[in-house]
Amino acid sequence: MAKSVLSKSRKIVFLFSIIAGAVVSLCFVAGMTDQDWLSWGNKCLNESYDPSTDIKIKKWELSLTDDSFIRLRKTYQNGKQEYFSFYLQKLDDIEYLGNVNNGTLELKSKSDDIIVQTYNDRKGNVDSMASVLNIPVKNMGNERLDSLEQALNYFKSKGL
């Protein structure tokens with residue numbers, strides 16, 4: 001059997017330096033990738049969206065896309081659909097109105113840059129534009145709100 005030429009104290013110092021080097025190298029891991037931001041943004045939006053604010057909603061879809069859009073589709077029990085599409089490059093401000101338990105996330109554009117479409121409406125299908133997209137949310141703590149804002153701003157700057 002082979003015997004080490006290092007003393008016990010030198011072995012400890014050697015192992016400690018390897019462990020310390022590994023820990024330091026973890027500090028220099030590259031930032032989040034596009035896919036990381038996209039996954040986090042979608043997870044945060046979908047876990048926080050609160051459809052209970054409108055009891056007539058049958059189903060909803062909310063997504064952040066890799067081409068810097070937020071899309072929200074609401075389908076109501078009577079078949080009416082509302083569709084909102086917002087290009088994040090046009091994002092001007094993000095505000096949160098409410099408390100940790102529930103509130104409204106307001107995404108504001110520079111002008112009427114948010115596409116609003118309705119389908120299967122008794123009043124007829126309507127295409128219009130808006131300057132604010134209100135997203136009802138729940139369980140939105142400060143840390144979650146800040147990280148969601150970072151994700152949205154990341155995709156806003158990505159579109160430039």
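Guide: Helices (H or I, at least four residues) and strands (E, at least two) are DSSP runs, numbered from the N terminus. This is a predicted model, in which local features need pLDDT of at least 70 and side-chain atom pairs count only at pLDDT 80 or more, while totals for chains, interfaces and linings use all residues. Residues are numbered from 1 along each chain as its sequence is written, and side-chain values use heavy atoms, with hydrogens and water left out.

The secondary structure of the chain comes to 3 helices and 8 strands. Along the sequence the pattern is α-α-β-β-β-β-β-β-β-β-α. Of the 160 residues, 32% count as buried (under 20% relative accessible area; exposed is over 50% and partly exposed is in between, with a 1.4 Å probe and protein chains only). Among contacts (heavy atoms within 4.5 Å) between residues at least 6 apart in sequence, 50% join residues at least 24 apart.

Now the sheet. Five strands form an open sheet in the order β1-β2-β3-β6-β7, with antiparallel pairing (two strands pair if DSSP finds at least two bridges between them). The edges are held by β1 (57-64) and β7, each of which has a single partner strand, so one side of each is left without a neighbour in the sheet. From one strand to the next the twist averages 15° (axes are lines fitted to C-alpha atoms, for helices over the stretch in contact, and angles run from 0 to 180 degrees between N-to-C directions).

Strand β6 (residues 114-119) pairs with two of these strands. With β3 (residues 81-87) the pairing is antiparallel over 5 bridges, and Y119 in β6 is the bridge partner of Q81. With β7 (residues 126-130) the pairing is again antiparallel, over 5 bridges, and here I114 has A130 as its bridge partner. β6 and β7 form a hairpin with 6 residues between them, and N120 in that turn has a positive phi of about 55°.

The loop between β1 and β2 (69-76) holds S68. S68 has a positive phi of about 70° although it is not a glycine, and at a relative accessible area of 3% the residue is buried. T65 has its place in the loop between β1 and β2 and is buried as well, at 15% relative accessibility. Leaving aside residues up to four places away in sequence, T65 touches L38, R71 and F155. R71 in turn lies over the face of F69, at 4.4 Å from the ring centre (a charge sits over a ring if NZ of Lys or CZ of Arg is within 6 Å of the ring centre and within 35 degrees of the ring normal). K80 lies over the face of Y76, at 5.8 Å from the ring centre.

N139 has a positive phi of about 50° although it is not a glycine. The 17 residues of α3 should span 24 Å at 1.5 Å a residue, and its end C-alpha atoms are 24 Å apart, which agrees (the expected span is 1.5 Å times one less than the number of residues). In α3, L145, S147, L148, A151, L152 and F155 are buried. An α-helix has 3.6 residues a turn, so residues three or four places apart point the same way. The buried residues of α3 pack against α2, β1, β2, β4 (91-98) and β5 (102-109).

Aromatic rings come last. Rings of Phe, Tyr and Trp (its six-membered ring) pair if their centres lie within 6.5 Å; planes under 30 degrees apart count as stacked, over 60 as edge-to-face and the rest as tilted. The count by this rule is 4 aromatic pairs. W37 and Y154 are stacked, at 5.4 Å centre to centre with 20° between the planes. This pair links distant parts of the chain, with W37 in helix α2 (residues 34-48) and Y154 in helix α3, 117 residues apart. W37 is buried at a relative accessible area of 12%, whereas Y154 is partly exposed at 24%. The rings of Y49 and W60 have their centres 4.4 Å apart and their planes at 45°, so the pair is tilted. Y49 is in the loop between α2 and β1 and W60 is in strand β1, 11 residues apart. Y49 is buried, with a relative accessible area of 1%, and W60 counts as partly exposed at 25% relative accessibility. Ring pairs also link W37, Y154 and F155 into a cluster.
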